[in-house]
6 protein chains.
Amino acid sequence: MNGSLKIFSGRSHPHLAQKIARILDIPVGKSHVTRFSNENLMVQIDENVRGADVFVIQTSAPPVNEGLVELLITIDALRHASAERITAVMPYFPYVRSDKKDKPRISITARLMADLLQTAGADRVLTMDLHAPQIQGFFRVPVDHLQAIPIIADYLQRRDLSNHVLVAGDASEAKDVGRYANRLRLPMAIIDKRRYDDSEQAKAAHLIGDVRGKHAIIVDDEVATGGTLMEAAAFLKEQGAESVIAAFTHAVLSGTAVERVDASVIEQLVFTDTIPLQGKESKKFEVISVAEVFAKAIRRIHKGDSISDLFH
Amino acid sequence: MNGSLKIFSGRSHPHLAQKIARILDIPVGKSHVTRFSNENLMVQIDENVRGADVFVIQTSAPPVNEGLVELLITIDALRHASAERITAVMPYFPYVRSDKKDKPRISITARLMADLLQTAGADRVLTMDLHAPQIQGFFRVPVDHLQAIPIIADYLQRRDLSNHVLVAGDASEAKDVGRYANRLRLPMAIIDKRRYDDSEQAKAAHLIGDVRGKHAIIVDDEVATGGTLMEAAAFLKEQGAESVIAAFTHAVLSGTAVERVDASVIEQLVFTDTIPLQGKESKKFEVISVAEVFAKAIRRIHKGDSISDLFH
Amino acid sequence: MNGSLKIFSGRSHPHLAQKIARILDIPVGKSHVTRFSNENLMVQIDENVRGADVFVIQTSAPPVNEGLVELLITIDALRHASAERITAVMPYFPYVRSDKKDKPRISITARLMADLLQTAGADRVLTMDLHAPQIQGFFRVPVDHLQAIPIIADYLQRRDLSNHVLVAGDASEAKDVGRYANRLRLPMAIIDKRRYDDSEQAKAAHLIGDVRGKHAIIVDDEVATGGTLMEAAAFLKEQGAESVIAAFTHAVLSGTAVERVDASVIEQLVFTDTIPLQGKESKKFEVISVAEVFAKAIRRIHKGDSISDLFH
Amino acid sequence: MNGSLKIFSGRSHPHLAQKIARILDIPVGKSHVTRFSNENLMVQIDENVRGADVFVIQTSAPPVNEGLVELLITIDALRHASAERITAVMPYFPYVRSDKKDKPRISITARLMADLLQTAGADRVLTMDLHAPQIQGFFRVPVDHLQAIPIIADYLQRRDLSNHVLVAGDASEAKDVGRYANRLRLPMAIIDKRRYDDSEQAKAAHLIGDVRGKHAIIVDDEVATGGTLMEAAAFLKEQGAESVIAAFTHAVLSGTAVERVDASVIEQLVFTDTIPLQGKESKKFEVISVAEVFAKAIRRIHKGDSISDLFH
Amino acid sequence: MNGSLKIFSGRSHPHLAQKIARILDIPVGKSHVTRFSNENLMVQIDENVRGADVFVIQTSAPPVNEGLVELLITIDALRHASAERITAVMPYFPYVRSDKKDKPRISITARLMADLLQTAGADRVLTMDLHAPQIQGFFRVPVDHLQAIPIIADYLQRRDLSNHVLVAGDASEAKDVGRYANRLRLPMAIIDKRRYDDSEQAKAAHLIGDVRGKHAIIVDDEVATGGTLMEAAAFLKEQGAESVIAAFTHAVLSGTAVERVDASVIEQLVFTDTIPLQGKESKKFEVISVAEVFAKAIRRIHKGDSISDLFH
Amino acid sequence: MNGSLKIFSGRSHPHLAQKIARILDIPVGKSHVTRFSNENLMVQIDENVRGADVFVIQTSAPPVNEGLVELLITIDALRHASAERITAVMPYFPYVRSDKKDKPRISITARLMADLLQTAGADRVLTMDLHAPQIQGFFRVPVDHLQAIPIIADYLQRRDLSNHVLVAGDASEAKDVGRYANRLRLPMAIIDKRRYDDSEQAKAAHLIGDVRGKHAIIVDDEVATGGTLMEAAAFLKEQGAESVIAAFTHAVLSGTAVERVDASVIEQLVFTDTIPLQGKESKKFEVISVAEVFAKAIRRIHKGDSISDLFH
């Protein structure tokens, strides 16, 4: 790209945007959002962006829907302000779990999000650990899809992992656990949850594989209320696990998640900063930053270097 | 249309949807919205809509941005559920005042709204009193644009209007006041506001026309915080107005608007129910319902009858 | 932009195109239009434009519809000839007053024009004083919207303006007059026209504000036949105005406008050269050129500099 | 189609529209065009068209470009007035000979026309004898392409055609002559025109085939100025033809065509009424109406019957 | 739908099309494909389809790419022939496993297929058991996604399933096996395959869960060469399985699959007829027809009845 | 273009791609196609293409439909890999003779091809000798249309052409023969084929013009099975031609074309290498390479130089 590299930050995660900008050694671009008393937003870009190669950083964090609309308005403002190329940098993609039609007459909202971003004017998307890799196919514009698994796995590998086992909380998460297992060369186990009736909730029925006397690491792509995770941890302890920790990318931690984590048998939560903690705290949290991998990816996209090389 | 007429209501104004449905003598369609702890919405349509002529009623009301995203998801769900035609019924259109680029590098967000609705799958739009009539040109799909002025004017005409004068709070609102003036055959006056410096706020400088000893009716399309309205009323009293009331379509009444109205010299606010009051109350409020005109318009759209005939 | 800057001129206003090109110190690009005996047009670009940053200058002037089609064909030819970027420079935008649906079953033709230009291949638009600022929202491509009011106001300010008053010929034009009033710090007045019956024509009924003993300046965005303007001037004289002049951007001056102006009480018409006079002459005309502001805007668009800075 | 069949006529050929409507036994729909003094057009549809199956009849005739813009505006008005389906009926398609890029940096304007019609909102096109059959591929919407050759051939067959020969005025027209030859079972000849230098005009060099002592019928799809035709006729006489007549579909007859025809050796011109004569007259003209074939096609399109059956 | 229901069959699976048509009690529509010596295809629809509700049945079967192009051409022909609605019925969707970007610089070809179908003119898609449910989100047009699991599970349930276990051949297939397990109330096991080096092939390393002394049912969505399946079967026998059968939806069975199946320890293959066997035979095959579920779905789509009701 | 020039070759004609690359003095880009046993293709680009100006060379050759799908997948992969511009270089365009709707309810497949290429992501097309020049109008993206006639004519001119005549095998090919005739200044003749009944095949009925005692050169744009060509040659001999050769651009030579040529009266076939011979051989073949003109065109497109200059 000939245009200069510019980074703008939405209101969702300014801390991460600052970190990324610092690594790239450029300032965060000037812009401001006015929220009128009628809740309408006005986004103004306060510096010239004609011909620039602009990256807008906005993760999905509460208030989720307002953050999304803010991003769409920002992209629209940048487009009409003649930015040469606009990349939506969305470390945690909104509505990423609404990726299939598992009930009649619902929306595959992650696809709708992709369409709305393209309508607003996004030329590219940079994101991390989409719930399913197929979601990349929801976009017509190029998507660079970063992975946190190598970063988290590197972090875990600093400890002694002998006698550890990786656990998927559900058969549908078995794929992800396989990717960790391959990197860490650890055995794996899967919790077999069953629901024989639409009215009941799925419950852990069996453990496929073995955790007895071992240290279990439950892996997942995101943790929301933590309900499923707490249940899985308790079940693993029943099955004889020596200890339980969890590793995941996106720390949604909504509702009473923090209190539940603190009160649970889980000893540690290892996750990244794709979502701001917004004041949530626990001694059990280990946060690994993705700022560097995003900064590197942005520089490579700007320079036209390969992103896949970033992972080798 | 061959398909059956169905009305669905978003969560913004169920009361108005119920009223419209009652007039049309059909039930509001079954659907429900789940708001997960991570603030993601899931909209499910709970009845078959294949081939149906669907109207979704969602006005712009707090939480504004969430209401908008809910509407987009609902339309997407209906489209994939094979509705034959989807009309977004939006009594108060979101971001309607963001209709021009009066600052550098901002979004004309009302146009963006039009594009997002079309991307989600809206085939038509039914709305009321857009801030400027040009906004209808933001849409590629057909728009039916209802007017509240005839309804409000009819209501006002029930009183003795001799010795009344219509007032525009600003030169830019003079056009609307002209439309009232023509219907009510009343004289008009305009408050001339000036701002000679970007740093100051526009202030009422002169009155063009005369209100001395007369009953003033300030007219506008919407009232948000009411700040401008209160100032105008006080200024008219200074200029010798006998009394001041206000008439407008969209009662946003955000922030401390109700308290300010109650404490002000304004004697009455006449407005419609395009926006739910959500518990706001004042003895000064006179609310006129638009349910009937929307119900008639929906029936005509469904039957293929002319909407313009509705106003003659 | 990397591509070289090139300017092409349609047949509507070659004089303005020459002036702009001279200021930019580049030649007008070689092209020619063949009009066959069957009235079909063939536009041929006579120099290589691959990779170039092309600006096509075509204002709306008689023959209006042919000029429009010529522009669409020119843009199509440039696009297929691999121009990198095509900006339609339209000092007076065609069908700019057809910007709303104020009658049943008509076209909002200004929006149609925007769509046709984008279909032909326009990547941007550069225009001046659209009848309503909302029209900018009719475009999906970026629009740079220049203003003549600062230029005309500067010109007027060279005279002694004490005892002058600005007048809007109609409540619907009050907004524009407010923008002049703010710059020139002059009082304003508005002619209140009424039409109580669809069959009659709107007539000046009252004057809101005061012109007695003052020099009146009627301001507007365009003057077509001049009928409204003549009537307004006569009415102001009746109301005691000392003298009347008019200031406006776009001099359509169609039909017998010139004869009527010469015979009227109006002493002077101050306007710009966005439309060629095509031989129309009057001692009352004062023409201010917009060539410089267009040339500056084109240079800034080409270089990626801010246009909003142009007005500070 | 469920919607009722409606026919509207542009201003280009009201006589043909009336004829078609009469055959279909329905009135021409009410609409009117206002041409303001600034040459802007306003098209208003004066009856309800919601849900209707609308056919707009507008041929390409002087003023060509204005007629085209009028058609685009009419379609746009109908679309926003909620017509269910809009078919542009264009007996002579505009810019039909601009169908290839035979010079550098020109527009294939017939394709642009197709795109503009679709942008305005045409759902289908009904036309006749496109200059090349490939032009049908310029459209994404369905096109029904009627042929005049069977009608004209039927007409010619009423005379004694023994000792007649069909002639193409140019190698590039040989294809059409072949289609006539097949129907009429007549021999054919081709005028071999050559141009060995870009600066000269192509001239008849040889006759391929034989016309000596025969009655020649020159066939073509359209005649514009008639220059080519006159030359061909003179050349055929030189080559010994007994007599010369011409048969073609579209009678553009622009410039001094009528005078030239009257003064020429050609004895008769047989053509259709796809284009109005607009007062042009000659004893040599034989006009065959296409109203019936258009009426039949419209009825079949409306009823969902096959059009190809129309030609068997 | 008002238009009549019509079914057309491509050349890929005429037998299934015949079966579906027989159940629906309508004939397969008349059409034929000409394959010229240059391998170009010409598809001609031999009956009128104006206004019809057309379903084109074409599964993905060898020659795969030619079948795809044939389908695109057929849809294009139907669209230009004015079919009212075109549904592509694709029991086995082409390139369904190319649904993610698991290598640098490859195409997510299943998404490309969705786009190509929409470009050709498909208004809807009806398919079965997409490799991942997210693929439904690749379409902008409505998709009805049928499931074979209930049909296959019903079939299996006719036998005595005590002492059976369901097995996923890979962690990434665990999700599907979970859906069978829930229906059949059987335990499950997963083969843990590992590949610690890009150069090696993934190999079965462990069994998670237990098959000793049990009858194993390997489930999957499709079987191509059968290599993975054979290996899994052999591995299960090593792990002590009493017997091994396989159940899956799409029988691609390419290359030497049949010979390998016959020579393997697998006792039975239960699958559907979404893909024609094209002469492949084995005593081990048990084929269950999906014709009825497709016929029912087509009837419901045509009548506007709910498809989700079909599964309750 | 700023991005570096890169050439990739599909599997259809690697020899031509190599030749072009050698002339341009750059290597053919690294990529590979995997054809799985289920006939699905996976195209992987093996080098970074971000920001590059990519040309993909793929001609239409057996297997035709697979080659087409391979090209679409390659373009999709390049687009998602962030190539700056993708030009599809298609020396022989697929389905180029399916360019009109000469039967009811067929597809104009050449137009469909254009749409599919654009959907996949082609930004430009570079091709040669489309069957009709109108086909260029099927594209919305820029097309550079190279001509082989000048190259073939230059080649023929090296021999003594006195006493030669150019022959079109059919009236519909007369246009092309005219273009040769002009360049070579030779007389021409046309075979008049007739078919008076749909059931019979068109047969040579007469010769228009004269070949007696002359050397005939039959010219065409392509030869497929050669049937038409053989018949024409035999007919010319009957009419007294001294000898017959053929000159054409695209050597499809499908079916038993080579054997028929060898057994025929035709003495020589002069054609280009737009299509690989794939092992077909004959002493009668004279092959002229188009590699140089393609290489020059690619260099000019990349540098932004005029292509039309290439032909002067």
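Analyst: Helices (H or I, at least four residues) and strands (E, at least two) are DSSP runs, numbered from the N terminus. This is a predicted model, in which local features need pLDDT of at least 70 and side-chain atom pairs count only at pLDDT 80 or more, while totals for chains, interfaces and linings use all residues. Residues are numbered from 1 along each chain as its sequence is written, chains are lettered from A and ligands numbered from 1 in the order in which they are written, and side-chain values use heavy atoms, without hydrogens and water.

User: Where is the place of Ala202(E)?

Analyst: Ala202(E) is in contact (heavy atoms within 4.5 Å) with Lys193(E), Arg194(E), Arg195(E) and Glu231(E), leaving aside its neighbours within four places in sequence. Its place is the loop between strand S9 (188–194) and strand S10 (203–208) of chain E.

User: Is Ala202(E) buried, partly exposed or exposed?

Analyst: Buried means under 20% relative accessible area, exposed over 50%, and partly exposed in between (1.4 Å probe, protein chains only). Because its relative accessibility is 29%, Ala202(E) counts as partly exposed.

User: In what order do the 7 strands of the open sheet of chain B lie?

Analyst: Two strands pair if DSSP finds at least two bridges between them. The edge strands, each pairing on one side only, are S10 (203–208) and S14 (285–288) of chain B. The pairing in this open sheet is mixed, and the order of its 7 strands in chain B is S10-S9-S8-S11-S12-S13-S14.

User: Which residue is the bridge partner of Val167(B) in S11(B)?

Analyst: Strand S8 (residues 164–168) and strand S11 (residues 215–223) of chain B pair in the parallel sense over 4 bridges. In S11(B), the bridge partner of Val167(B) is Ile218(B).

User: Which residues touch the most other members of the largest nonpolar core?

Analyst: A nonpolar core is a set of buried Ala, Val, Leu, Ile, Met, Phe, Trp, Tyr and Cys residues joined through side-chain atoms within 4.5 Å. Beyond its neighbours within four places in sequence, Leu117(F) is in contact with residues including Leu71(F), Met90(F) and Phe139(F). Of the 276 residues in the largest core, those touching the most other members are Leu117(A), Leu117(B), Leu117(C), Leu117(D), Leu117(E) and Leu117(F).

User: What rotation superposes chain C on chain F?

Analyst: Copies are superposed by least squares on the C-alpha atoms of residues with pLDDT of at least 70 in both. With 0.0 Å of shift along the axis and an RMSD of 0.0 Å, chain C is superposed on chain F by a rotation of 120°. The two copies are thus related as by a three-fold rotation axis.

User: How far apart are the closest C-alpha atoms of chain C and chain E?

Analyst: No contact joins chain C and chain E. Their closest C-alpha atoms are separated by 18 Å.
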